[in-house]
Amino acid sequence: MIDTDAEARRVTPLNYPARLIGPGESYESVTETIGSIVLHHPRPRLWWAGFVVAFALLMMFLMAVTVLFLRGIGVWGVNVPVAWGFAIVNFVWWIGIGHAGTFISAILLLVQQPWRTSINRLTEAMTLFAVACAGTFPLLHLGRPWLFYWLLPYPDTMGLWPQFRSPLVWDVFAVSTYFTVSLIFWYAGLIPDLATLRDRTTIRWRKYFYGILAMGWRGSARHWQRQQTAYLLLAGLAAPLVLSVHSVVSFDFAVAIVPGWHSTIFPPYFVAGAIYSGFAMVLNIVIPLRKIYRLESLITVRHLNNMANIMLVTGMMVAYGYFMEAFMAWYSGDIFDESMMHDRAFGAYAWIFWALMLFNVVIPQALWSRRVRTTPLFLFVVALFVNIGMWVERFVIVITSLHRDFVPSSWGMYFPTRWDVMTLLGTVGLFLTLLFLFLRLLPMISITEVRALLAEQREEEK
């Protein structure tokens, strides 16, 4: 017999918990624990309370967008010279949040990291919801959103074609490709679990609903072979997108000549920041759900520790980017770059810059502590500061680089209006509404992958 207490205490050579699944779990208990969240809806009051708040924020977003369409983008705080305001800040922030899902699902699958299995489904869904939120902002920022198709290479008798040398057009193709591949990848991994829910539910409409989505899955060897092949190929397609999508987003800034934007460090700097904020958002979502639905045996301390380690590494890369940005402004001898960095640190928006340093550089140093990495409450607080700090970083990049250009006569200040704030909070409502619907209708953890991991774990314990 297996000594469950001894197995629970077993650690790795680095003194981390060795188990990825808690002791006492069986194939049936895994299926029941994950499936019951969808089929039996535990904790309905907490779910409804969260959904009502999220839906109220979504309605606020729709109201803000309606006012925007009726009155134009003048309701925002944008002006000359700060023509890019909250909309672009929010766009870059949401795109970054979506990166952790693809990283966890695709890259960790390719490098055969088993700890991804308990969190990959939720992070893949988070990616789709974050990209959906991000995609709203470029359309709203157009001023004439009904003409969005001008960015697409459609047949045009007037010879009006997109400017393919513009990174703003590259964004359209990069983000749409990222969303499409992520959606197919997420759905391909979901099919076996949909069949499980189809077979376990006793409600007729759910049998039809999950049966249609499962596309006739029977669990035969041929089905598994084709599903696993497609899943692996899609992971290979999705992995380069982690690097390419946010690199393309960074080109929106890097190809410009504006001081603070024109930098070759932006692509890797933006990618590291995206994974940084993405893992922070994963932790902010996973930690409460782990507690509410009592998933401590499936999402263990080792999962939290691994995510915290990746967040610490990418955070140090981001801090290095901050240092190099300041160093190159000094080392280049360019008076405009020097003035820009001085203005960021000591100008009108200096308090925001130092808040950025506090949230993204100082506070995350707590992750060097094993106690912080393995204590859910401490980890949640650090991740929350990182998410706020990464939004502040995008604000600093966009606003402080624009409000003081080359010519003093064009200098100006940017002040967001209530419609800017309502639009930001509204997309948070959109994200949370989609998340709550996902939790209610689909399994947040992959049943089949956790069962496979449990089989591997049992073999190791023999």
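Biologist: Which way does helix 10 cross helix 15, left-handed or right-handed?

Modeller: In this predicted model, helix 10 passes helix 15 in a left-handed crossing.

Biologist: At what angle do helix 10 and helix 15 pack, and how far apart are their axes?

Modeller: The angle is about 145 degrees, and the axes of helix 10 (residues 266-292) and helix 15 (residues 376-402) are 8 Å apart. By class, their contact has 18 nonpolar, four polar and three charged residues.

Biologist: Switching to the largest nonpolar core: which residues touch the most other members?

Modeller: Phe253, Phe438 and Met444, in a core of 143 residues. Helix 10 gives the most to this core, with 16 residues.

Biologist: What is Phe438 in contact with, sequence neighbours aside?

Modeller: Leaving out anything within four places in sequence, Phe438 is in contact with Arg121, Leu122, Ala125, Phe129, Trp186, Pro443 and Met444.

Biologist: Arg121 and Ala125 are in helix 6. Which residues of helix 7 does helix 6 meet?

Modeller: On the helix 7 side they are Val175, Tyr178, Phe179, Ser182, Leu183, Phe185, Trp186, Gly189, Leu190 and Asp193. Helix 6 contributes Arg121, Glu124, Ala125, Thr127, Leu128 and Val131. The residues of this contact divide into 10 nonpolar, three polar and three charged.

Biologist: And how do the axes of helix 6 and helix 7 cross?

Modeller: At roughly 150 degrees, coming within 10 Å, for helix 6 (residues 120-141) and helix 7 (residues 167-200). Helix 6 passes helix 7 in a left-handed crossing.

Biologist: Ser105, then. Where is it, and is it buried or exposed?

Modeller: Ser105 is in helix 5 (residues 99-110). Its relative accessible area is 1%, under the 20% cut-off, so Ser105 counts as buried.

Biologist: What does Ser105 contact beyond its sequence neighbours?

Modeller: Arg116, Asn120, Thr123, Glu124 and Phe185, leaving aside residues within four places in sequence.

Biologist: New topic. How far apart are the end C-alpha atoms of helix 11?

Modeller: They are 44 Å apart. Helix 11 (residues 301-331) has 31 residues and should span 45 Å at 1.5 Å a residue, so the two values agree.

Biologist: What follows helix 11?

Modeller: Gly333, with a positive phi near 75 degrees.

Biologist: Which residues of helix 13 are buried?

Modeller: Ala350, Ile352, Phe353, Leu356, Met357, Phe359 and Asn360. The buried residues of helix 13 pack against helix 10, helix 11, helix 12 (335-346) and helix 15.

Biologist: How far does helix 13 reach?

Modeller: From first C-alpha to last, helix 13 (residues 350-362) reaches 17 Å, close to the 18 Å expected for its 13 residues at 1.5 Å a residue.

How values were computed: Residues numbered from 1 in each chain as written. Predicted model: local features only at pLDDT ≥ 70, side-chain atom pairs only at ≥ 80, totals over all residues. Heavy atoms only, no water. Helix = DSSP H or I, 4+ residues; strand = E, 2+ residues; numbered from the N terminus. Buried < 20%, exposed > 50% of the residue type's maximum accessible area, 1.4 Å probe, protein only. Contact = heavy atoms within 4.5 Å. Core = buried A, V, L, I, M, F, W, Y, C linked by side-chain atoms within 4.5 Å. Axes fitted to C-alpha atoms, helices over the stretch in contact; angles between N-to-C directions. Left-handed = near helix turned anticlockwise from the far one by under 90°. Nonpolar A, V, L, I, M, F, W, Y, C, P; charged D, E, K, R; others polar. Expected span 1.5 Å × (residues − 1).
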